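Please read these notes beside the model.

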Amino acid sequence: MTFDLTKILRPHILNLVPYSSARDEYTGKEGIFLDANENPYQSVNGQHWNRYPDPYQWAIKEKLAPIKGVRPTQIFLGNGSDEPIDLLVRATCTPRVDTMLLMPPTYGMYQVSADINDVPVIKVPLTPDFQIDIEKVLPAIVPNTKIVWICSPNNPSGNLMQREAIRKILTQFQGIVVVDEAYVDFADEPSFTQELDNYPNLVVLQTFSKAWGLASLRLGMCFASEELIKVLNKIKPPYNLSGATQQLLLEALDYVKAKDQLVKDILAERERLRTNLATLPLVKRIYASDANFLLVAFDDASAVMQYLIDEKIIVRDRSKVILCDGCLRISVGTAEENNTLIKTLKAFAVTA
Ligand code: PMP
């Protein structure tokens, strides 16, 4: 397959002249800066947030690249992974003309981004065991299909997609294949970031919101060819990550070992939660999980959901989602939270 990004981008994006910020035009660190209409003194609270931050977050990318085994120029950082999701749609899909392919049940933002951008979606459901239905996906792709979205481990089912199916799409589809790996830190398989140099049409999304415990900072990662990262940089808002966010992330990147330990703890809790849930008669099925949550089928999901809300335990009702009949999605909590959940569900089993 020969992949040509210029054929995938919307023509006006290809030719776009991006906004050039003050920090784009002069990148030196020393000097008297009278170029960005900033407040020269300080912030109102006496702190020093008065200068615009690095628009490309190079200090972070230099530190993150070796952690992820990629080059700094293959990284785009966004305000959550929801930002690159939207930018990818806007860069490639002409509204009402181009299409994207989704495999429900999957993460809801792909559809929402399609709807915001008025981009029609082709849906090819996963198989009942939540795998890519490759025999149906490949023929469903049409010439104006620009992106195929794959979520692995998938939300809400929790499982990894088979690598061979992903590879087949990468080699046979001439558009962009996004592999959203928001939950990959909890999985046993390596990330697709290691395949970036093999597949020019591969985009990998990851996030600091899950394993790293930084959801509130809103930090998403997008890994792709240098050519595509340059395009995302062209169309993003100039200073999309605040200086405070950049500083906090730079510090957090020193804690890779702590992140690994958190993942271990969450995985141990996931298995303990699974074992305990499995003993409850009201639980019909617990699906395999490579993520930090479990998809659990109940006899009467709505009743369980309402009961848990009354008990101030909030889980996600996925029972109306395709292939997820009767299912609730339960995030793995702390040991104490999980104990309370199990105790509460046991009481439901008794009173029901
Ligand atoms: N991808 C998937 C599969 C998710 O489940 C989520 C959030 N639940 C995201 C992306 C968005 O993550 P972020 O916090 O980085 O926007």
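1. Asp118 has a relative accessible area of 35% and is therefore partly exposed, where buried means under 20%, exposed over 50% and partly exposed in between (1.4 Å probe, protein chains only). Its salt-bridge partner is Arg96, at 2.3 Å from N to O; a salt bridge here is a side-chain nitrogen of Lys or Arg within 4 Å of a carboxyl oxygen of Asp or Glu. Arg96, at 63%, is exposed.

2. This is a predicted model: local features need pLDDT of at least 70, side-chain atom pairs count only at pLDDT 80 or more, and totals for chains, interfaces and linings use all residues. Residues are numbered from 1 along each chain as its sequence is written, and side-chain values use heavy atoms, with hydrogens and water left out.

3. The salt bridges number 21. One of them joins Arg71 to Glu226 at 2.7 Å, N to O. Arg71 is in the loop between α4 and β1 and Glu226 in helix α9, so the pair ties together parts 155 residues apart in sequence. Helices (H or I, at least four residues) and strands (E, at least two) are DSSP runs, numbered from the N terminus. A network of salt bridges links Arg163, Glu164, Arg167, Glu189 and Glu195.

4. At the ligand, an oxygen atom lies 2.6 Å from a polar side-chain atom of Ser209. For Arg218, a side-chain N or O atom is 2.7 Å from a ligand oxygen.

Key. Polar contact = N/O pair within 3.5 Å; in protein donor to acceptor, adjacent residues only side chain to side chain.
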